[in-house]
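My entries follow in the order I made them.

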Amino acid sequence: MKELRIVAAVCIMVIVAFLYVGRVFIAKGLSKTPASEEIGLVVDGIDVTKDVLDAAKTLVGQLFEMNKADYPDYGYINWRIESLSHARTYRDLGGMRVVVYQMNYEFLTASPEKVVLVGGMYITDDNWVMPGCPNSTYLAFQQDAQGLKFLCSIVENDCTPGTDCFDEDLLRLLT
């Protein structure tokens, strides 16, 4: 009888240990982002000033948080700036020297099967989603003796810097 109690106690301890280990593995598997993975990435090869990169990171981080809230089923877990480059410099736009950069960003999804692609959206083989039209986000900066100061962002998928449509829309945002 004593041996039966010992066997029963060992079995109970083994079951408790399996439940604990299983719970730990399940919890780790369900975590949205591995602890070692940094939120907010910048693809290698982007060569812009710190002011421009900081403004781009802030904007994409805000867009990421908004999209996570607006589309929780999409399972967005990270973001990256995929491209960022100088698009145009206006010597005098609304009385300012304005420098415009074109940017493309993507969000990593843990639920690619739930993402509904509309408009110009795409999803890569490794589950990075462009949530809008590619290369249609522009950042405008005022340039003066102190450097660049972020003014605004503008999304244009039907015109580019230097065209009347873009220039009028940007000027409207700046005034």
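**Entry 1: a pair within a helix.** I began with Asp54, which forms a salt bridge with Lys50; their closest N and O atoms are 2.5 Å apart. I count a salt bridge when a side-chain nitrogen of Lys or Arg is within 4 Å of a carboxyl oxygen of Asp or Glu. Asp54 and Lys50 are 4 residues apart in helix α2 (residues 50–70), so about one helical turn separates them. Asp54 is partly exposed at 31% relative accessibility. Lys50 is exposed, with a relative accessible area of 62%. My cut-offs: buried is under 20% relative accessible area, exposed is over 50%, and partly exposed is in between (1.4 Å probe, protein chains only).

**Entry 2: ground rules.** I am working on a predicted model, where local features need pLDDT of at least 70, side-chain atom pairs count only at pLDDT 80 or more, and totals for chains, interfaces and linings use all residues. Residues are numbered from 1 along each chain as its sequence is written, and side-chain values use heavy atoms, with hydrogens and water left out.

**Entry 3: confidence.** The protein chain averages a pLDDT of 85, and 79% of the residues score at least 70. pLDDT is the predictor's confidence in each residue, from 0 to 100. I marked residues 6–36, where pLDDT stays under 50. For that stretch the model has 3 contacts beyond four places in sequence. A contact means heavy atoms within 4.5 Å. Where pLDDT is low, predicted coordinates should not be read in detail.

**Entry 4: overall layout.** I find 3 helices and 7 strands in the protein chain. The order from the N terminus is α-β-α-β-β-β-β-β-β-α. Helices (H or I, at least four residues) and strands (E, at least two) are DSSP runs, numbered from the N terminus. The protein chain has 175 residues, and 33% of them count as buried. I also checked sequence separation: among contacts between residues at least 6 apart in sequence, 55% join residues at least 24 apart. The accessible surface comes to about 11,100 Å², and 56% of this belongs to carbon and sulfur atoms. Those areas come from the Shrake-Rupley method with a 1.4 Å probe; for residues, only the protein chains shown count as cover.

**Entry 5: the other salt bridges.** How many salt bridges does a search of the whole structure find? The search finds 3. Side chains of opposite charge can pair when their charged atoms come close.

Asp169 and Arg172 form one of them, with the closest N and O atoms 2.4 Å apart. These two are 3 residues apart in helix α3 (residues 164–174), so they too are separated by about one helical turn. Arg172 is exposed at 54% relative accessibility.

Glu106 and Arg80 also meet through their side chains in a salt bridge, at 2.6 Å from N to O. This pair links distant parts of the chain: Glu106 is in strand β3 (residues 96–109), Arg80 is in strand β2 (residues 76–93), and they are 26 residues apart.

**Entry 6: around Glu106.** Is this pair buried or exposed? Both Glu106 and Arg80 are buried. For Glu106 the relative accessible area is 2%. Its side chain makes a polar contact with the side chain of Tyr122 at 2.5 Å. I call it a polar contact when a pair of N or O atoms lies within 3.5 Å; within protein, one must be able to donate a hydrogen and the other to accept it, and residues adjacent in sequence count only if both atoms are side-chain atoms. Leaving aside neighbours within four places in sequence, Glu106 has contacts that include Asn78, Trp79, Glu82, Thr124, Trp128, Val129 and Met130.

**Entry 7: Asn67.** I found Asn67 in helix α2. Asn67 is buried, at 14% relative accessibility. Not counting residues up to four places away in sequence, Asn67 touches Tyr76, Phe107 and Pro131.

**Entry 8: positive phi.** Most residues other than glycine have a negative phi. I noted Asn127, not a glycine, with a positive phi of about 75 degrees. Asn127 sits in the loop between β4 (122–123) and β5 (128–130) and is partly exposed, with a relative accessible area of 26%. I also noted Asn135, where phi is positive and near 55 degrees. Asn135 lies in the loop between β5 and β6 (137–144). At 35% relative accessibility, Asn135 is partly exposed.
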